[in-house]
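This report describes one protein chain, going from single residues to the fold as a whole. The sequence and structure come first.

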Amino acid sequence: MPMPPAIAIIPARFASRRFPGKPLALLLGKPMLQHVFQRCQESGIFQEVYIATEDQRIAQAAAQFGAKTLITSASCLTGTERIAQALEQIPCSRQTLLVNVQGDEPALPPEALRHLVQHFEEGFHMATLVRPLQAEEATNPNVVKVAFSSRGRALYFSRALIPYAQPPAPPPQRWAHMGLYAYRKAALLRMAQHPPSLLEQSEALEQLRALEMGLSLLCIPCAFSSVAVDSPDDLPRAEMALQHLKLRPRPC
């Protein structure tokens with residue numbers, strides 16, 4: 001079966017609570033957002049790559065590195081809402097996969113983006129990537145954990161360590177969620193129109209809204225990793241990850 005067409009949209013909000021102006025923070029002399037845009041281009045999987053923002057400073061910076069910008073409302077509370085609003089400005093068929101690329105993971109391997117689109121399965125409303133959880137990440141609430149079925153269907157996401165291992169049972173394989181989503185258009189619009197759910201508000205995880213709505217979310221295991229920038233303290237780590245990304249052998 002041929003792959004569906006795919007469009008990448010990078011939500012970029014200037015007024016981050018923990019790190020105002022984060023999309024424009026410089027990494028190796030370039031705005032972080034430019035690195036994310038370049039990773040999307042390098043993947044070779046997207047028909048178009050857009051940046052969706054409410055802020056003219058971000059739009060002006062995007063124009064300087066050749067990105068197409070979709071201006072959205074400052075009232076958008078989540079990336080999904082921002083992407084849904086951006087869709088009003090671009091043609092998009094029902095078959096097109098819409099990929100929400102987080103603007104704070106500048107060293108995301110382009111192969112991860114291809115892997116997500118290539119492994120999207122019919123019968124699911126959404127898909128995301130998961131990777132093995134590292135031991136040192138177990139108690140880090142910024143690393144989101146996920147439990148999913150043998151079929152790959154997401155069961156729950158949490159900032160806490162899941163699943164619990166009842167002694168004397170050995171610890172199960174645990175997975176970390178990568179903040180990358182592919183949606184069917186209809187599912188994305190439904191999710192954007194639905195009010196925040198109780199679990200979503202409790203964990204501050206938007207994907208729980210999808211689960212509470214009954215949307216099917218496919219978890220696609222992978223061996224890729226990235227560095228998320230949550231605060232200015234993360235910038236040195238992100239620069240190191242970018243250096244490693246530039247030096248590694250390119251896949252054939």
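Buried stands for under 20% relative accessible area, exposed for over 50%, and partly exposed for what lies in between, with a 1.4 Å probe and protein chains only. The model is predicted, so local features need pLDDT of at least 70 and side-chain atom pairs count only at pLDDT 80 or more, while totals for chains, interfaces and linings use all residues. Residues are numbered from 1 along each chain as its sequence is written, and side-chain values use heavy atoms, with hydrogens and water left out.

His177 is part of strand β10. Helices (H or I, at least four residues) and strands (E, at least two) are DSSP runs, numbered from the N terminus. The side chains of His177 and Gln207 are joined by a polar contact of 3.4 Å. A polar contact is a pair of N or O atoms within 3.5 Å; within protein, one must be able to donate a hydrogen and the other to accept it, and residues adjacent in sequence count only if both atoms are side-chain atoms. Leaving aside residues up to four places away in sequence, His177 touches Thr128, Leu129, Val130, Val144, Val146, Phe157 and Gln207. Contact here means heavy atoms within 4.5 Å.

## Two buried loop residues

Thr96 sits in the loop between α3 (79-86) and β6 (97-101). Its relative accessibility is 3%, so Thr96 counts as buried. The side chain of Thr96 makes a polar contact of 2.8 Å with that of Ser93. Residues up to four places away in sequence not counted, Thr96 touches Pro5, Ala6, Ile7, Tyr183 and Lys185.

Ser216 is in the loop between α7 (207-213) and β11. With a relative accessibility of 4%, Ser216 counts as buried. Ser216 touches Gly123, Phe124, His125, Met126 and Arg153, again without residues up to four places away in sequence. From Ser216 to Ser197 there are 19 residues in sequence and 16 Å in space, C-alpha to C-alpha.

## Covered helices

Helix α4 (residues 110-118) is largely enclosed by the rest of the structure, because seven of its nine residues are buried. Those buried in α4 are Pro110, Glu111, Ala112, Leu113, His115, Leu116 and Val117. Their cover includes β1 (6-12), α1 (32-43), β6, β7 (126-132), β10 (175-184) and β11 (217-221).

Helix α3 is mostly covered, with six of its eight residues buried. In α3 the buried residues are Thr80, Glu81, Arg82, Ile83, Ala84 and Ala86.

## Backbone exceptions

Most residues other than glycine have a negative phi, and most peptide bonds are trans. The table lists local exceptions.

| Site | Backbone feature | Value |
|---|---|---|
| Ile162 to Pro163 | cis peptide bond | omega near -10 degrees |
| Pro167 to Pro168 | cis peptide bond | omega near 5 degrees |
| Leu28 | positive phi, not a glycine | about 50 degrees |
| Ala204 | positive phi, not a glycine | about 55 degrees |

Pro163 lies in the loop between β9 (154-158) and β10, and Pro168 is found in the loop between β9 and β10. Leu28 is placed in the loop between β2 (26-27) and β3 (30-31). At 33% relative accessibility, Leu28 counts as partly exposed. Ala204 is in the loop between α6 (198-203) and α7, and at 53% relative accessibility Ala204 counts as exposed.

## The chain as a whole

The secondary structure consists of eight helices and eleven strands. For 252 residues a compact globule would have a radius of gyration near 18 Å, and the protein agrees with this at 18 Å. That radius is taken over C-alpha atoms, and the globule rule is 2.2 Å times the number of residues to the power 0.38. The C-alpha trace spans about 60 × 40 × 40 Å along its principal axes.

Of the 252 residues, 54% count as buried. Among contacts with a separation of 6 or more, 70% come from residues 24 or more positions apart. The protein exposes about 12300 Å², of which carbon and sulfur atoms supply 54%; accessible areas come from the Shrake-Rupley method with a 1.4 Å probe, and for residues only the protein chains shown count as cover.
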